[in-house]
Amino acid sequence: RVVVVGSANLDLVVTAPALPRPGETVLGGEFTTVPGGKGANQAVAAARAGGEVAFVGAVGGDDFARPQRDNLAAAGVDVTRLRTVPGPSGVALIAVDRHAENLIVVAPGANAALTGLSAEDRAAVAGADVLLCQLEIPLEAVAEAAATARAAGTVAVLNAAPARRLPAELLSTVDLLVVNEGEAEVLAGHPAQPADLLDLVPRVVMTLGARGAAYADRDGLRLDVAAPAVEAVDTTAAGDAFTGALAVAWAEGRPVGEALRWACAAGAVCATRPGASSSLPTRAEIEAAL
Ligand code: ADP
């Protein structure tokens with residue numbers, strides 16, 4: 001069982017021939033709404049990868065909440081611990097031009113209200129095999145979730161995205177850190193390999209885009225795993241596909257190398273399709289790519 005404590009947003013996406021400059025208005029094309037947020041995306045990724053998944057998060061009291069809740073439930077994610085709080089839902093305002101260049105403003109909305117866990121949330125974390133968090137909710141909630149996991153023997157996985165420096169106390173309760181190269185650089189304060197982060201956490205996975213992923217742990221294990229070669233169309237959410245699938249493999253107790261190959265396959269399949277949460281692969285699709 002995997003419990004995700006994280007963010008949920010509705011992405012409000014409009015295409016435009018060119019992105020507006022400050023003060024400029026441009027006439028755009030098609031408008032779409034897509035459920036997003038790293039927390040919700042990774043919960044959906046884990047559920048599609050075959051995991052039993054529960055989501056702890058918050059949506060607002062507006063019309064943007066329903067599609068988010070429905071999308072999680074449709075993927076089979078347990079939304080018992082998804083609360084509705086007064087005020088707006090989290091949204092991402094996204095403009096995309098014809099070269100796929102984008103402008104994004106995120107309004108955290110309800111996600112900012114997730115400042116701590118309830119007793120039921122803590123029980124869910126304690127009863128899980130794996131806790132999965134990201135950094136799009138208040139750090140207090142991430143710290144509380146990770147500390148709860150540590151005390152209960154639940155493996156705490158932190159995808160440290162978006163990049164920021166983190167207090168040593170929080171990192172001391174993380175079992176497995178998942179970062180890309182940029183996030184690793186911010187955490188370490190300099191360009192870093194997975195092994196360079198082992199003074200912070202006991203196990204590190206670094207995603208390397210088309211090159212796959214690298215792993216290091218305090219037992220001295222070092223692994224480099226190539227991603228399956230694919231025709232990449234849109235790598236949006238590839239990191240979420242990777243992290244969600246990795247959490248499932250970890251909860252299933254798979255050997256590290258196998259878990260990494262499986263996660264790389266999930267990321268690679270996601271990269272072959274346009275879109276974000278809609279492009280997250282199923283278990284059968286991941287198996288087929290291996
Ligand atoms: P992020 O978007 O978070 O920086 P990455 O770009 O590193 O994450 O992608 C996450 C994972 O998705 C990679 O480790 C890899 O397994 C897979 N992936 C991403 N882009 C490609 C690609 N072009 N070809 C094959 N696999 C890819």
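**Exercise 1.** How many bridges join strand E2 to strand E6, and do these strands run parallel or antiparallel?

*Solution.* The model is predicted: local features need pLDDT of at least 70, side-chain atom pairs count only at pLDDT 80 or more, and totals for chains, interfaces and linings use all residues. Residues are numbered from 1 along each chain as its sequence is written, and side-chain values use heavy atoms, without hydrogens and water.

Step 1. Strands are DSSP runs (E, at least two residues) and helices likewise (H or I, at least four), numbered from the N terminus; two strands pair if DSSP finds at least two bridges between them.

Step 2. Strand E2 (residues 9-15) and strand E6 (residues 91-96) are parallel and joined by six bridges. Leucine 10 stands opposite valine 91 in E6.

**Exercise 2.** Identify polar contacts (pairs of N or O atoms within 3.5 Å) of the ligand.

*Solution.* Step 1. In the side chain of asparagine 180, an N or O atom is 2.9 Å from an oxygen atom of the ligand.

Step 1. For threonine 207, a polar side-chain atom lies 3.0 Å from a ligand oxygen atom.

Step 2. Glycine 212 contributes a backbone N or O atom, 2.8 Å from an oxygen atom of the ligand.

Step 3. Helix H7 (238-251) and helix H8 (256-271) are the elements giving two or more residues to the shell around the ligand.

How values were computed
Polar contact = N/O pair within 3.5 Å; in protein donor to acceptor, adjacent residues only side chain to side chain.
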